[in-house]
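Morning, everyone. Please take a look at the structure on the screen. I'll talk about charged pairs.

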Amino acid sequence: MKLYDVFGLEPEVVERTLKRFKVINPPEIEKININTASVEMLTKLIYLQRNVAYNIVSYRDSKGSIDSFAELSKIEDFPAEKIDRIALYLSL
């Protein structure tokens, strides 16, 4: 999670924190395959609400597969402004 996404954390505090600390060993993230995941699996991602997860599965089922993360922006209600963060948890 990016520090800028922490609710209530002022940008000035984020800047000071980033100057003082660094991540030595980033956590390993088990990615969810967007082309095989169920609605339930997708709703485990903090950024995806159930209706968006359902829309992803419906879109995928109608198109056959999702070929790029950019394609997700075509899905109704998908939070495209957060695609860079969501993509960290997904694979194609």
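Is Arg60 buried or exposed? Keep that in mind for a moment. First, a caution: this is a predicted model.

Back to Arg60. Its relative accessibility is 8%, so Arg60 counts as buried. Who does Arg60 pair with? Asp61, in a salt bridge, at 3.8 Å from N to O. Asp61 is exposed, with a relative accessible area of 56%.

Why pair up? Side chains of opposite charge can pair when their charged atoms come close.

How many salt bridges does the count come to? Three. We have seen Arg60 with Asp61. Next, Asp84 and Arg85. They form a salt bridge, and their closest N and O atoms are 3.7 Å apart. Asp84 counts as partly exposed, at 39% relative accessibility. Arg85 has 15%, which is under the 20% cut-off, so Arg85 counts as buried.

Now Glu40 and Arg50. Their side chains meet in a salt bridge, 3.9 Å from N to O. This pair links distant parts of the chain, ten residues apart. Glu40 sits in helix α2, residues 39-42. Arg50 belongs to helix α3, residues 50-63. What about exposure? Glu40 is partly exposed, with a relative accessible area of 45%. Arg50 is partly exposed too, at 47%.

To recap: Glu40 pairs with Arg50, Arg60 with Asp61, and Asp84 with Arg85. Thanks, that's my part.

How values were computed:
Residues numbered from 1 in each chain as written. Predicted model: local features only at pLDDT ≥ 70, side-chain atom pairs only at ≥ 80, totals over all residues. Heavy atoms only, no water. Salt bridge = Lys/Arg side-chain N within 4 Å of Asp/Glu carboxyl O. Helix = DSSP H or I, 4+ residues; strand = E, 2+ residues; numbered from the N terminus. Buried < 20%, exposed > 50% of the residue type's maximum accessible area, 1.4 Å probe, protein only.
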